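This briefing is meant for a reader who is meeting the structure for the first time. Please look over the sequence and the model, and then follow the points below by topic.

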Protein chains: 2
Amino acid sequence: MQTLYDHPLSGNCHKVRLLLSMLGLTYRSEFVDVPNEAHHAPWFGRINPLRQIPVLEDEGTLMCDSQAILTYLSHRHAPQWLGDTPETQGYVVQWLSFAANEIGNSLQPARLYYLLGEKVDIEAVSAKGRRVLEVLDAHLADREWLAAARPTIADLACVPYVALAREGHLPLDDYPHVIAWIARIVALPGYISMPGLPPMAN
Amino acid sequence: MQTLYDHPLSGNCHKVRLLLSMLGLTYRSEFVDVPNEAHHAPWFGRINPLRQIPVLEDEGTLMCDSQAILTYLSHRHAPQWLGDTPETQGYVVQWLSFAANEIGNSLQPARLYYLLGEKVDIEAVSAKGRRVLEVLDAHLADREWLAAARPTIADLACVPYVALAREGHLPLDDYPHVIAWIARIVALPGYISMPGLPPMAN
């Protein structure tokens, strides 16, 4: 049984919960009380020196970083989620970097500012967030999925903080292609929700 | 013939130049004058809406993001650079995320602050940079390479801005394992230098 070091309100954790659910994999969720600094305890530093969740523990393997966990699980169980040509495999990583850096330093901290009062330069972060949404909306204008003709881990890595953008006071109304893409992900078999995300379709 | 949209002082471009050289691939370098804002010209926005270099153009495929380009080139020419088990493939992406986010938001902007006077919170960025170097040094204390028993694109993605840290006033003297790892990369066949990096061994 694999263990996910997890928090129900973390979008990074939700990326992994989405794939675990879509692949039908069972796991144990180990609650890490990040808002109360549990990730700064010594025991957690031994699991992830970067002190970030999620971490996946699978038969003695510790995998940190949500993008890496998505990659690991796909290689183990469902390589079709990784792209099937050098081009699509490259595009997948392009959007994994986008999730880790561009989204992770805009939509994600904007949400933490309004939800938890985290100290961030909210003007700069919001402007960056709008730019992220513009880039995504333009990219999705003539595509169903970010990196290939089918959903990949690129979509799962990007969707949580995009779909949660409203909690960072960045509503999606001006980004119709982003809204349609979120709806396609919600309609995928195995989609699960979290507070702030759309409920399961039916 | 592939084209790399390139700048000689960019560490992100150098990640790609390193792999192209190690794989013995020829390419045309297209100079993009980033310090003089060439990446904000309309023509470049059509190549990369994020307005970042490097971009690789290969037989009509445009690949943006240095981590994605490393992935694409490895899938096409040298999959041994990607790891060969789900674990090592996951670890590779763990360090690609680390390069895109943790290094890209610490050592990289610290260098731009001192080289180009870029507006950054230099205190915050330097503290983050020291933390990045600590994490790397601890990780490399009992390992030769970041993600596997052999060099992978994880090493190439992380090494330029680490080896250039001194230009961001973050000297490496306190990180002996990082210094030894850089020396191992310098000794790899096909290693090439750039201003600020160690010269080729012999």
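Two strands are said to pair if DSSP finds at least two bridges between them. The model is a predicted one, and strand 1 (residues 2-6) of chain A pairs in it with strand 3 (residues 55-58) of chain A, in the antiparallel sense and over three bridges. The points below begin with the sheet of chain A, turn to strands of chain B, and end with a helix pair in each chain.

**The sheet of chain A**

- Four strands of chain A make up an open sheet with the order 2-1-3-4, and the pairing within this sheet is mixed.
- Strand 2 (27-31) and strand 4 (61-64) of chain A stand at the edges with a single partner strand each, so one side of each is left without a neighbour in the sheet.
- On average, and with direction ignored, neighbouring strands of this sheet are turned by 20° against each other.
- Strands of a sheet pair through backbone hydrogen bonds, either parallel or antiparallel.
- Where strand 1 of chain A runs antiparallel to strand 3 of chain A, A:Thr3 has A:Glu57 in strand 3 as its bridge partner.
- Helix 1 (residues 11-22) of chain A packs on the sheet and touches strand 1 and strand 2 of chain A, and its direction makes about 150° with that of strand 1 of chain A.
- Strand 1 and strand 2 of chain A run parallel and are joined by five bridges, and A:Asp6 stands opposite A:Phe31 in strand 2 of chain A.
- From strand 1 of chain A the chain crosses through helix 1 of chain A to strand 2 of chain A, in a β-α-β crossover that is right-handed.

**Strands of chain B**

- Strand 1 (residues 2-6) of chain B and strand 3 (residues 55-58) of chain B are paired in the antiparallel sense over three bridges, and B:Leu4 stands opposite B:Leu56 in strand 3 of chain B.
- Strand 3 of chain B also pairs with strand 4 (residues 61-64) of chain B, in the antiparallel sense and over four bridges, with B:Val55 standing opposite B:Cys64 in strand 4 of chain B.
- A hairpin is formed by strand 3 and strand 4 of chain B, with two residues between them, and B:Glu59 in the turn has a positive phi of about 50°.

**Helix 1 and helix 7 in chain A**

- Two packed helices are described by the angle between their axes and the distance between the axes.
- In chain A, the axes of helix 1 and helix 7 (residues 153-163) come within 8 Å and cross at roughly 135°, and the two helices are therefore oblique to each other.
- The crossing of helix 1 and helix 7 of chain A is right-handed.
- Residues of helix 1 of chain A, including A:Leu18, A:Leu19 and A:Met22, meet residues of helix 7 of chain A, among them A:Ile153, A:Leu156 and A:Tyr161.
- By class, this contact of helix 1 with helix 7 of chain A has nine nonpolar, three polar and one charged residues.

**Helix 1 and helix 7 in chain B**

- Helix 1 (residues 11-22) of chain B packs with helix 7 (residues 153-163) of chain B at an angle of about 135°, their axes being 8 Å apart, and that makes helix 1 of chain B oblique to helix 7 of chain B.
- The crossing of these two helices of chain B is right-handed, and the residues of their contact divide into nine nonpolar, three polar and one charged.

Technical notes
Residues are numbered from 1 along each chain as its sequence is written. Chains are lettered from A and ligands numbered from 1 in the order in which they are written. This is a predicted model: local features need pLDDT of at least 70, side-chain atom pairs count only at pLDDT 80 or more; totals for chains, interfaces and linings use all residues. Side-chain values use heavy atoms; hydrogens and water are left out. Axes are lines fitted to C-alpha atoms, for helices over the stretch in contact, and angles run from 0 to 180 degrees between N-to-C directions. Angles under 35 degrees count as roughly parallel, over 145 as roughly antiparallel, 65 to 115 as roughly perpendicular and the rest as oblique. A crossing is left-handed if the near helix is turned anticlockwise from the far one by less than a right angle, and right-handed if clockwise. Ala, Val, Leu, Ile, Met, Phe, Trp, Tyr, Cys and Pro count as nonpolar, Asp, Glu, Lys and Arg as charged, and the others, Gly among them, as polar. Contact means heavy atoms within 4.5 Å. A crossover is right-handed if, with the strands pointing away from the viewer, the path from the first strand over the helix to the second runs clockwise.
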